[in-house]
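Trainee: I would like to go through this model with you, one feature at a time. Shall we start?

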Amino acid sequence: MIIIGEKINGSIPAVADAIARRDSEFIKERARLQTEAGATFIDCCASVPEAEEVETLHWMIDCIQSATDLPISVDSPSADVLVQAYQFCKKPGLFNSVSGEGDKIDKIFPIMAANPGWEVIALLSDDTGIPRSAADRLKVFDKIMAKAREYGISPNRIHIDPLVEMLCTSENGIETNTEVISTVREKYPSIHITAAVSNISFNLPVRKMINFGFTVLAMNSGLDSAILDPTNRDLMGLIYATEALLGLDDYCMEYISAYREGLFGPVKN
């Protein structure tokens, strides 16, 4: 599983406070902790007004890169911000994100064509918003992939986000997401499929139980990437266990290794 560590995001009050105070040690420590916990990418989201966003991301990215060698997921709703901020990264990372909305793809895909190491998260939304049905989300997906072919972007550089919504306000959210995930996986076996797994449990009690159940269902449908807290040892253990049960971990070697390294469960002396 590709783990996109979510803990450096200005929408989190403690992170917003650290950004406001330019507390570099706070940002560095969060980067280190996520690295040690097994993250693949470190997400970096400022959540400040767009006029301040590029400068803030520059500072945040510098902090992260001084603490870890992991690639960065540069996170902004603005393609214009992403176009500027990715240049602060010392190595290729992940654009988070594009969608079928406006001209976002036409701003980011040319950069990816010129910089082959970069990957991208692509949301299945467009100018009409988030499509309600799986069929309509898959239409957005087909348009995104047509653009990818146009720019020469291979499927294995794309992380499709089916857009997980709150379970308590969705009539058929699980059915929609599992249908989208399984269809995308069938059409493009090498593509990545990602999700912010905690979105499913907003406004529900004991959220972790919903998150755990959804993670297993989504992985069974084809999810191989997730935006989550890698320092949550229970969730990480569940992911390693699910990969083993799905036959994605030969002889359970990754599960055993992660346990021995203390990435979940009690640390073995």
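This is a predicted model: local features need pLDDT of at least 70, side-chain atom pairs count only at pLDDT 80 or more; totals for chains, interfaces and linings use all residues.

Trainee: How far does helix H9 reach from its first C-alpha to its last?
Mentor: Helices (H or I, at least four residues) and strands (E, at least two) are DSSP runs, numbered from the N terminus. H9 covers residues 233–245, 13 residues. The expected span is 1.5 Å times one less than the number of residues. H9 is close to the 18 Å expected, and its reach is 18 Å.

Trainee: Which residue at the start of H9 has a side-chain oxygen that reaches a backbone nitrogen?
Mentor: A polar contact is a pair of N or O atoms within 3.5 Å; within protein, one must be able to donate a hydrogen and the other to accept it, and residues adjacent in sequence count only if both atoms are side-chain atoms. Here the backbone nitrogen belongs to Asp234, and the side-chain oxygen comes to within 3.2 Å of it. The oxygen belongs to Asn232.

Trainee: Which elements cover the buried residues of H9?
Mentor: Buried means under 20% relative accessible area, exposed over 50%, partly exposed in between (1.4 Å probe, protein chains only). The buried residues of H9 include Leu235, Met236, Ile239 and Tyr240. Contact means heavy atoms within 4.5 Å. The cover includes strand E1, helix H8, strand E8 and helix H10.

Trainee: Why is the pair of Tyr240 and Phe264 stacked?
Mentor: Rings of Phe, Tyr and Trp (its six-membered ring) pair if their centres lie within 6.5 Å; planes under 30 degrees apart count as stacked, over 60 as edge-to-face and the rest as tilted. The two centres are 6.0 Å apart, and the pair is stacked because the planes are at 25°.

Trainee: Which parts does that pair tie together?
Mentor: Tyr240 and Phe264 are 24 residues apart in sequence. Tyr240 lies in H9, so the pair ties that helix to the segment after H10.

Trainee: At what angle are the ring planes of Tyr255 and Phe264?
Mentor: Their centres are 5.1 Å apart. The pair is tilted, because the planes are at 45°.

Trainee: Is Phe264 buried or exposed?
Mentor: Tyr255 is partly exposed, at 31% relative accessible area. Phe264 has 7% relative accessibility, so Phe264 counts as buried.

Trainee: Which residues have the most contacts inside the largest nonpolar core?
Mentor: A nonpolar core is a set of buried Ala, Val, Leu, Ile, Met, Phe, Trp, Tyr and Cys residues joined through side-chain atoms within 4.5 Å. The largest has 72 residues. Those with the most contacts inside it are Phe95, Phe141, Ile158 and Ile191.

Trainee: What is the relative accessible area of Ile61?
Mentor: Ile61 lies in helix H3. Its contacts include Cys44, Ile72 and Phe88. Ile61 is buried, with a relative accessible area of 0%.

Trainee: How far apart in space are Glu261 and Gly38?
Mentor: Glu261 is in the segment after H10 and counts as exposed at 55% relative accessibility. Glu261 and Gly38 are 223 residues apart in sequence. In space, C-alpha to C-alpha, they are 9.8 Å apart.

How values were computed. Residues are numbered from 1 along each chain as its sequence is written. Side-chain values use heavy atoms; hydrogens and water are left out. Lists of a residue's contacts leave out its neighbours within four places in sequence.
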